[in-house]
Number of protein chains: 2
Amino acid sequence: MENTEASNEFTGNLLVAQSGGPTVVINSSVAGVIQEAGKHPEIEEIYGGLNGIYGILNEDLIDINDEKAKTIGALKHTPAAALGTCRYKIDFANNPEQASKDMDRLFQVLEAHNIRFFFYAGGNDSQDTSNKIHEEAVKRGYELRVIGVPKTIDNDLPHTDHCPGYGSVVKYNATTVMEVGEDVGSMATDDGSCCIVEVMGRAAGWIAAGTVVAKRSEDDAPHIILLPEIRLNEEAFLAKIKETIDRLGYCIVVAGEGVKNAAGEEIGADKSKIDSFGHAVLSGAAESLKELIQGKLNLKTRTVKLGYAQRAAAHHASATDIDEALACGVAAVKAALEGKSGFMVKLVRLAKEP
Amino acid sequence: MENTEASNEFTGNLLVAQSGGPTVVINSSVAGVIQEAGKHPEIEEIYGGLNGIYGILNEDLIDINDEKAKTIGALKHTPAAALGTCRYKIDFANNPEQASKDMDRLFQVLEAHNIRFFFYAGGNDSQDTSNKIHEEAVKRGYELRVIGVPKTIDNDLPHTDHCPGYGSVVKYNATTVMEVGEDVGSMATDDGSCCIVEVMGRAAGWIAAGTVVAKRSEDDAPHIILLPEIRLNEEAFLAKIKETIDRLGYCIVVAGEGVKNAAGEEIGADKSKIDSFGHAVLSGAAESLKELIQGKLNLKTRTVKLGYAQRAAAHHASATDIDEALACGVAAVKAALEGKSGFMVKLVRLAKEP
């Protein structure tokens, strides 16, 4: 009798995958999914999809049931995407024919492996993909529970208060700004010196803005923060540098990589410089600002471009961030087991104090 | 009787100062000097010279006797130069008149404060300055014991096996290369991707070479290391990138900032780019290599330029490096008390295993 009842229950295999740019805590979310899934007998096999949707379309799945216990601990503290990521999009808007073929192939793979639980950790595009797969499953009458797990260092996902990955980047970047501030300040001469730290965030300034936590007092670095959302006022910018140099002997600027000039163009893309193939050279926002400062103020200026280092810095990850990312993975599994599909896990702020 | 004997002993005040680019452990050396000096009654007052020789010439001295106990702990773990540094040189070769005036002024300040022990933490130029001050003291018959304390992230000081500051930079940079390798590797697509990490060391490749410790196996990052001492062979470089991409899907290059082309010119200085003032733009070695790779291999390439962040990264300093820097400060005081002057403390390797 119990056997018959059990067979009526919703059971099946689980597939978890990662997408988009890695973060230092995206593996923690996967660890959360695996950890929680292991507790529920309704979930039979646990598969990892290699390189996101791109790999799943190629049936690149690995069985991670066996590795459960020993991988979780390590995964929580491993940077980058352990399963690999992709930027592949099932693009109905621009390429409906290919998208349609992709969906057929995807459900072929899901059916072949009896996948009934699908978790996709990623940013805006990945959440969109998750939702499309959910809708397609409903349309096809294929029982599947799809839950998105939020991930992006940019902190630009709607609905969630903040996004796993962001806290660690801010911790690392703010520490770096604090340390660079001490360094440049200790070399301050009468002539003054300036240092520009370029950080990620092409369209969203959350990462640049977050480095303000480096300030313990008014005169601490960063002295100027440039956000992609606010067009650069060159005159005000140079005046603020001059005023800071006059007062402190040095000036630390944090620039989001997508900072724009008065005309709304990214200043990191200098079209006056052409490479051997005739393409505009992207020299980066910090380098462009350095040229501006050295040219107009004749001020010794150096740059730091953290690039991928900031989103890979596991050695300085935020413990809270790791825990929250893991909790998102756990919550995704719980939501799916409650019968939910087509949702994204979100973090809700309950208090302003930690 | 004892009083008379004591008055015949060599006693006086101590001055410690820092010079050149800061490191993450240069304050540890100062802590070592202060800690050891506090144990010896022959050393009366302990002064810090602000901004090296430059500040001492301006009589910018601070009394650090009182702060001894509470500062040492913090100093050991504070990046940059707590006393401030300078790049001022007493330059007999090129400006003998000014150098002569500087020496007169310097000994005026030393005499005014009865400085009999002088410790200067710095690189090659600073050790040269220490030696000149020692020789000048001998010439003037002014009893002074001058000991140089080695400091430079570049690891290019002669006589010492390795240099305090270097180990921490390598620890930080190798960790970063390892993390960036994980990140780029996890995004590897069929098209492949490349990342160039530019590190310090304009003339010496020790820092770039040191990142090899990031490798645990043959295929780990870094896949290519470019040293300033070896001119870039473009063809071999591009072929090695292509071969690495074909095998692994990604390639991590570490480039010392001073890497040179076949003609012996620094590739970071691209003279084809002229700023609004008609000066050659220094876009950095990594950016130049990126242009080369993107142009010739049409390969997605990103850059990381650690800049000052690498020599200021106290959050990831090497404990051994901190201890050795402190030991150099302690050894400097002991040597001075033994009557030595005109020497630099050095680290001697006793075993190849830690």
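Two residues are said to be in contact when heavy atoms lie within 4.5 Å. I begin with that definition, since much of what follows rests on it. Please also keep in mind that this is a predicted model.

Let me start with chain A as a whole. Of its 354 residues, 55% count as buried. The chain has 12 helices and 12 strands, and its C-alpha atoms fill a box of roughly 85 × 45 × 30 Å along the principal axes. Among the contacts in chain A with a separation of 6 or more, 76% are between residues 24 or more positions apart.

I turn now to the domains. The domain assignment of chain A gives domain 1, which is made up of 2–164 + 315–344, and domain 2, which covers 168–312. Where the two meet, 16 residues of domain 1 of chain A are in contact with 12 residues of domain 2 of chain A. Together these domains of chain A bury about 1200 Å² between them, and 58% of that area is on carbon and sulfur atoms. Which residues of domain 1 of chain A lose the most area to domain 2 of chain A? They are A:I153, A:D154 and A:H316, which together account for 47% of what that side buries. The centres of the two domains of chain A, taken over C-alpha atoms, are separated by 37 Å. As for polar interactions across this interface, 5 residue pairs are in polar contact, while the count of salt bridges is 0.

The next subject is the interface of the two chains. Here 48 residues of chain B are in contact with 48 residues of chain A. Chain B and chain A bury about 3800 Å² between them, with 55% of it on carbon and sulfur atoms. How many salt bridges are found across the interface of chain B and chain A? There are 4 salt bridges. In a salt bridge with an N to O distance of 2.8 Å, the side chain of B:R311 meets that of A:D183. A further 17 is the number of residue pairs in polar contact across the interface of chain B and chain A. On the side of chain B that touches chain A, at least two residues each come from α7, β10 (280–282), α10 (285–297), β11 (300–305) and α11 (308–312) of chain B. Of these, α7(B) gives the most, with 9 residues.

In chain A, helix α2 spans residues 26–37. Its 12 residues reach 17 Å from first C-alpha to last, close to the 16 Å expected. Why is α2(A) described as largely enclosed by the rest of the structure? Because 11 of its 12 residues are buried, among them A:I26, A:V30, A:V33 and A:I34.

In chain B, helix α12 runs over residues 319–337 and has 19 residues. Its reach from first C-alpha to last is 27 Å, close to the 27 Å expected. At the N-terminal end, B:S318 caps α12(B), with a side-chain oxygen 3.3 Å from the backbone nitrogen of B:T320. After the helix comes B:G339, whose phi is positive, near 100°. The buried residues of α12(B) include B:I322, B:L326, B:V330 and B:V333. What covers the buried residues of α12(B)? The cover includes α2 (26–37), β2 (43–49), β4 (115–122), β5 (145–150) and α7 (166–186) of chain B.

Definitions and conventions: Residues numbered from 1 in each chain as written. Chains lettered and ligands numbered in written order. Predicted model: local features only at pLDDT ≥ 70, side-chain atom pairs only at ≥ 80, totals over all residues. Heavy atoms only, no water. Helix = DSSP H or I, 4+ residues; strand = E, 2+ residues; numbered from the N terminus. Expected span 1.5 Å × (residues − 1). Buried < 20%, exposed > 50% of the residue type's maximum accessible area, 1.4 Å probe, protein only. Polar contact = N/O pair within 3.5 Å; in protein donor to acceptor, adjacent residues only side chain to side chain. Domains from an automatic or database assignment. Buried area = accessible area lost by both parts, 1.4 Å probe.
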